[in-house]
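Visitor: Hello! I am new to this structure, and I would like to learn how to read it. Could you walk me through it?

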Amino acid sequence: MRVPNSVVLPVGTHVDCCRKEEVKRKRHDIMAKIAAMLVERKSNLAHFINNLEGSEEPEFYVDQWERLKEMESCTLTILNLVAVNCTDHRDIKKLEATILEHVKNEELFPEVIRVLPPVYRQVEAAIVDIAQSEEMADHGMMDLQYLLSKLSQWEHLANLDRELLQDILRYLHHIGLVVWYEEIKHLESTVFLQPTFLITMFRLLVRYQLVQQLESIS
């Protein structure tokens, strides 16, 4: 809801636990609840914005107003829910096909038709090789300059410069192959070649009722 031009594909699992008529009813119920939630969100945002604009000293709330207006402008496209039986490989393949079909829809994803220079694919393949090499640490963290030097060892990437590498890393971060927090000062020189490591770490550190769990330790 906070990302501009988001596209969401709801997926309903455990179809094998329901009767056919139940699946149809539940699908309709879920889509109706999502639609109601979006209407309520739009109404709440409009209400908050009106309150700020009608306050006695609106100049004190400019930052909040701008954030709310930005959220209000975010469009959200909800696709039809896909019901799957996760124990049936055919349903998984059907879900995969549905996702690919939507991704190739130029109306939903205008950037899908963008043609990338060959060097993007070359760097992507080289980074995959580095990430899978035996010398790569499990955490997958690598200094940006060191990564550039490693990539430059490939004959066809010998002329790769830092600026082009950063452009390519932005693309690879966008598609989820790597994670690069260029906007965070302390992390801008670090590239995470193994995003799954970050997910595992966050699962260990960020958990429900963590504070209560820590306080319970004597």
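Visitor: Where is the place of Ile184?

Guide: Ile184 sits in the loop between α6 (162-175) and β6 (190-192). Helices (H or I, at least four residues) and strands (E, at least two) are DSSP runs, numbered from the N terminus. This is a predicted model, where local features need pLDDT of at least 70 and side-chain atom pairs count only at pLDDT 80 or more, while totals for chains, interfaces and linings use all residues. Residues are numbered from 1 along each chain as its sequence is written, and side-chain values use heavy atoms, with hydrogens and water left out.

Visitor: How is a pair of aromatic rings described?

Guide: By the distance of the centres and the angle of the planes. Rings of Phe, Tyr and Trp (its six-membered ring) pair if their centres lie within 6.5 Å; planes under 30 degrees apart count as stacked, over 60 as edge-to-face and the rest as tilted. By this rule, the count here is two aromatic pairs. Tyr120 and Tyr171 form an edge-to-face pair, 5.7 Å centre to centre with 65° between the planes. Tyr120 belongs to helix α4 (residues 118-132) and Tyr171 to helix α6, so this pair ties together parts that are 51 residues apart in sequence. Tyr120 is buried at 14% relative accessibility, and Tyr171 is buried at 17%.

Visitor: And what about Tyr181 and Phe192?

Guide: Their ring centres are 6.2 Å apart and the planes stand at 75°, so this pair is edge-to-face. Tyr181 lies in the loop between α6 and β6, and Phe192 in strand β6, 11 residues apart. Tyr181 is partly exposed at 22% relative accessibility, whereas Phe192 is buried at 6%.

Visitor: At what angle do the axes of helix α1 and helix α2 cross?

Guide: Axes are lines fitted to C-alpha atoms, for helices over the stretch in contact, and angles run from 0 to 180 degrees between N-to-C directions. The axes of α1 (residues 20-53) and α2 (residues 62-73) come within 10 Å and cross at roughly 155°. That makes α1 roughly antiparallel to α2; under 35 degrees counts as roughly parallel, over 145 as roughly antiparallel, 65 to 115 as roughly perpendicular and the rest as oblique.

Technical notes:
Buried means under 20% relative accessible area, exposed over 50%, partly exposed in between (1.4 Å probe, protein chains only).
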